[in-house]
Amino acid sequence: MNRLFHVPLSPFCRKVRLSLAEKKIEVELVEERYWEEDPDFLRRNPAGKVPVLKMNGRTLAESGPICELIEELNPDPPLLPRKPEARYEVRRLVAWFDDKFHHEVTSNLLYERVNKKVMGKGYPDSKNVKAGAKAIKYHLDYMAWLLDQRRWLAGDTMSLADFAAAAHLSALDYISDVDWNRSATVKDWYAKIKSRPAFRSILADQVPGFPPPAHYADLDF
């Protein structure tokens with residue numbers, strides 16, 4: 001059985017979970033408190049980060065390479081287009097969300113509000129929270145601009161770029177940090193991707209001490 005060592009609200013873990021689920025690859029989820037630096041976990045990934053996927057007898061780390069390997073081994077349904085230029089655009093947007101969006105938004109909102117408490121690292125830094133709340137508006141506007149020109153973020157078909165974006169936004173939505181009224185286009189996109197069967201296990205996540213908002217699992221939010 002495949003095993004994924006993960007943290008429920010980690011967008012990087014969620015991206016891998018979505019890729020696996022979309023391709024109907026069964027996996028056992030093992031919650032890993034990576035910040036406790038368990039020796040067994042550090043042997044799996046000396047970087048001390050999640051996700052870590054055990055699949056086909058191999059131990060795999062880093063969400064980007066994991067998702068690309070999943071794609072290469074299981075090309076249907078495709079999450080990367082065939083044309084090189086189109087694949088570039090998907091990869092560009094995956095990097096956008098996993099780098100720029102992560103540093104400007106996710107780390108300033110989710111990590112301050114949730115991770116610090118769970119890890120016992122004190123209280124949220126209000127400056128970081130304010131910076132994240134400001135930055136997410138810019139990112140939502142950028143997404144709206146992309147979706148005004150395309151059916152999905154990277155083109156006419158759903159791709160890994162949509163899963164990367166949805167992984168971050170769904171984690172932030174769990175703590176009600178997304179203003180879905182800012183863009184009807186982005187809200188419709190999220191409702192569409194949220195309704196996919198691949199999203200079911202993510203919408204069932206529960207983090208002790210942080211109950212999800214009433215609309216979180218509502219497909220018609």
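In which helix does His-139 lie? His-139 lies in helix H5, residues 126–149. Helices here are DSSP runs of H or I with at least four residues, strands are runs of E with at least two, and both are numbered from the N terminus.

Before going on, two remarks on where this comes from. The model is predicted, so local features need pLDDT of at least 70 and side-chain atom pairs count only at pLDDT 80 or more, while totals for chains, interfaces and linings use all residues. Residues are numbered from 1 along each chain as its sequence is written, and side-chain values use heavy atoms, with hydrogens and water left out.

Back to His-139. His-139 counts as buried because its relative accessibility is 0%; buried means under 20% relative accessible area, exposed over 50%, and partly exposed in between, with a 1.4 Å probe and protein chains only. Leaving aside neighbours within four places in sequence, His-139 is in contact with Trp-96, Lys-100, Phe-101, Glu-104 and Val-105. Contact means heavy atoms within 4.5 Å.

Next, helix H4, residues 84–119. Leu-110 is found in this helix, and Leu-110 is buried, with a relative accessible area of 1%. Not counting residues up to four places away in sequence, Leu-110 touches Leu-9, Pro-11, Val-105, Asn-115, Ala-171, Leu-172 and Ile-175. Glu-89 is also placed in H4.

How do H1 and H4 pack? Their angle is about 130 degrees, and their axes are 11 Å apart. That makes H1 oblique to H4. The axes are lines fitted to C-alpha atoms, for helices over the stretch in contact, and angles run from 0 to 180 degrees between N-to-C directions. Angles under 35 degrees count as roughly parallel, over 145 as roughly antiparallel, 65 to 115 as roughly perpendicular, and the rest as oblique. From H1, Pro-11, Phe-12 and Lys-15 meet Val-94, Asp-98, His-102, Thr-106, Leu-110 and Tyr-111 in H4.

Now the pockets. The largest pocket has a volume of about 630 Å³. On a 1 Å grid over the protein atoms alone, a pocket is an open set of points where a 1.4 Å probe fits, with protein on both sides within 12 Å along at least five of seven lines, and lining residues have an atom within 4 Å of a point. Grid points are joined across faces, edges and corners, and the volume is the space filled by probe spheres set on the points. This pocket is lined by 30 residues, and Val-7, Ser-10, Tyr-34, Val-50 and Asn-115 lie nearest its centre. H4 gives the most to the lining, with eight residues.

The second largest pocket has a volume of about 250 Å³. Helix H1, residues 11–22, supplies the largest share of its lining, four residues.

Last, the backbone. The peptide bond from Val-50 to Pro-51 is cis, with omega near 5 degrees. Another cis peptide bond joins Asp-76 and Pro-77, where omega is about -10 degrees. Pro-77 lies in the loop between H3 and H4. Glu-37, which is not a glycine, has a positive phi, near 55 degrees. Glu-37 counts as exposed, at 55% relative accessibility.
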